[in-house]
Structures are given as C-alpha cells and as structure tokens.
Amino acid sequence: MVALPYFLGQSWLSITTEMLILALAASALNIMLGYTGMVSFGPAGLYAVGAYTTGVLMEKLGWGMLPATLAAPVMAGLVGALVGWFCVRRSAVYFALLTLAFSQVIWTVIFQWYSVTGGDDGLVSVPVPDFFFEVTNCYYFMLAVVSVCLFAIWKIVNSPFGMTLQAIRENSNRVEFIGVNVKLYQLASFVISSMFLGIAGSMYCVFSGSAFPDYAYWVKSADMLVICLLGGIYNFFGPLVGTVVYTVLTKIISEYTMHWHLILGGIIVLIILAMRKGVVGTLSAYWAGRKSEAA
C-alpha cells in the first residue's frame, strides 16, 4: 500500500483514497452487523454527522483541521448514543427500521438547516490545508488514519468485549441468562460503530473539501450494506475486500455504459447468490475444506 503511488496514476490513486475511507465506513458498520448481529439500515446518518461536524467547524466557525476532525467522532458518538438508546430496545426488523428512520431524520435536518449546513447546496468550500491538494499527500494521510482505525477495530472485535458481542449475535437469550447486560453491550457496539463512522465521514470531508446531504441518504447506507455482504460479514477482512470489488466494478462498468446501475446490480446479485458467505467467507471455507481433505 505504501508503494502504490509509484505505480498508480493520479486518477486511480484518488479512487484508492476513496476506497480507504469507504473500507473504514464498512468496517465500522460491520461491528454492528457482523459481530453483534444487528442489521442497521442507517449508518449513512452517522457518517454524515462526522462529515458535517468537520465541515461546519472549519467553514462556519474557523476551527483548524485537527480539532475539527477530532470533534467528528465525539459528535457521531453522542448522536449514536442517543439513536442507539432507542434502537436497541427493539430487535430484528424493528431495529433495522428504527435505524433507517433516524438516518432519514438526520438527512432532513441537514437538508433543511440552511444557515448551518447549507441545505441542499451543502458545504462546498471547506478550508482544507493546501497539503491535501496534492493527491499523494492526501493518500498517505488517509492510509495512516484508516490503518490506525482498522487496527483499533481489530483489537476491539478480538477482545473479550468483542467475543461477548459475537456471543450475543449467536444467542442473545443464553448470554442474558448468564448475567450479561445484552442491551448495554448492544448500545456500546452502536456507539463504537458510530464513532468510527464519524471518523470516516470526517475524512471524506477533508478529502473532498465538501459535505452534501446525500452523505446521509439511505442510498449511502445501502452501499455500505452491500459492501459488507459482498465481502462477508463474519470475517474482519470481508468489508475491505467488498470495498475493492464494489468500487472497481463501479468505476469500470460506468466507463462503458450509462446503465451501469443495472449491470452492477445484476453482478452483485449473482455474486451474493453464488457466495452466500461473501467473497472472503466463501474462499476461507474453500481453503479450510482443501486443508481438511489433504490432512
């Protein structure tokens, strides 16, 4: 990854930077989806909270980039705690619909609050330091931030706390029976996921120098969900691989046809039907089978 700028042109390096940020957002969502078993339809709302926190603080209040980006996960975590407090009181489809509803509320607030968010015009002149105008500099900065965040997520999901989340995913009733406060763990998972989504949104605001209401729209949430399903939700590397597959397919197909959504959707449906555990999950199962046969 460090050597990529020596092999890629500026265009693909910029696309790779976008992939890094999207991979972080998908991995953040997977804390809830893959490790805790909570299907959220509204991660884009918290992603947008991070983007707009950084954008508003820098453009409207004149904050520096460092405090503005540090404030993003704090604000996303606070909003996530409020939203999660309501959502974890329901499960399954009711939980999913609540997350979608809150995400649309966030989108509506952003869309209507012209004096702060710019409404449907968005924030188009976030004063990002000149350092980030160079694509290579921006790539290395995002690579460093995303690497640190992914390492933190890895440590969290492989800690005793992460093991408890996976136990809740498998059988929440049994876990509650042994004295674990399931709702509290689910809320903690929601807040942690929200904070990393906020960081991803903040990084995209720095990368693009802008923030738009579309960041909170349900289509963005659908992108993150599809990426997790493509790569596999029960493997840490699933969202990372899913991001690469989704982004590369999108960029290549859109160069050849205006109806790329239709073709991309068909390909994704075929991949998910053929690989129900996702790309990483299916390949892992295949290699595990080969090893057992050889033994």
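Predicted model: local features only at pLDDT ≥ 70, side-chain atom pairs only at ≥ 80, totals over all residues.

Biologist: What distance separates the end C-alpha atoms of helix 10, and what span should its residues give?
Modeller: Helix 10 covers residues 218-231, which is 14 residues. At 1.5 Å a residue they should span 20 Å. The end C-alpha atoms agree with this, being apart by 20 Å.

Biologist: Which residue just after helix 10 takes a positive phi?
Modeller: The buried residues of helix 10 include Leu230 and Gly231. Just after the helix, a positive phi of about 115 degrees is taken by Gly232.

Biologist: How are the rings of Trp154 and Phe236 paired?
Modeller: The count of aromatic pairs comes to 18. For Trp154 and Phe236 the centres are 5.1 Å apart and the angle between the planes is 85 degrees. Planes over 60 degrees apart count as edge-to-face, so the pair is edge-to-face.

Biologist: How far apart in sequence are the parts that this pair ties together?
Modeller: Trp154 lies in helix 6, whereas Phe236 lies in the loop between helix 10 and helix 11. Trp154 is partly exposed at 36% relative accessibility, and Phe236 is buried at 11%. The pair therefore ties together parts whose separation in sequence is 82 residues.

Biologist: Which residue has its charged end over the ring of Tyr204?
Modeller: Tyr204 is buried, with a relative accessible area of 17%. At 5.7 Å from the ring centre of Tyr204 sits the charged end of Lys220.

How values were computed. Residues numbered from 1 in each chain as written. Heavy atoms only, no water. Helix = DSSP H or I, 4+ residues; strand = E, 2+ residues; numbered from the N terminus. Expected span 1.5 Å × (residues − 1). Buried < 20%, exposed > 50% of the residue type's maximum accessible area, 1.4 Å probe, protein only. Phe/Tyr/Trp six-rings, centres within 6.5 Å; stacked < 30°, edge-to-face > 60°. Lys NZ or Arg CZ within 6 Å of the ring centre and 35° of its normal.
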